[in-house]
Amino acid sequence: MKCMSCKTGEMKESTNTYFAQVDGSFLIIKNVPCLRCNQCGEVFYRASVLEHLEEMAASFRQQHSELSITDYNQAA
């Protein structure tokens, strides 16, 4: 698959660290599966991964914590 950003690179299976600000708090999720461009580094998440990230963010909102760091593979 060609990169939608640079149009020259190839998207390869990889992992990424996902950062989000949720209601004034910070959520960091390590080892999130993604496709990464071997040319420009652009990251693309599949829909199923985005759905799981949304579920994780919703769970984080309920914790009322200022910072959460978790591993994608360890999250239930």
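Helices (H or I, at least four residues) and strands (E, at least two) are DSSP runs, numbered from the N terminus. The model is predicted: local features need pLDDT of at least 70, side-chain atom pairs count only at pLDDT 80 or more, and totals for chains, interfaces and linings use all residues. Residues are numbered from 1 along each chain as its sequence is written, and side-chain values use heavy atoms, without hydrogens and water.

The protein contains one helix and four strands. Their order along the sequence is β-β-β-α-β. Strand β3 spans residues 43-44 and includes Phe44. Phe44 is classed as partly exposed because its relative accessibility is 33%; buried means under 20%, exposed over 50%, and partly exposed in between (1.4 Å probe, protein chains only).

Areas come from the Shrake-Rupley method with a 1.4 Å probe; for residues, only the protein chains shown count as cover.

Across the whole protein, the accessible surface is about 5,100 Å². Carbon and sulfur atoms account for 48% of that surface. Of the 76 residues, 32% are buried. The C-alpha atoms fill a box of roughly 45 × 25 × 15 Å along the principal axes.
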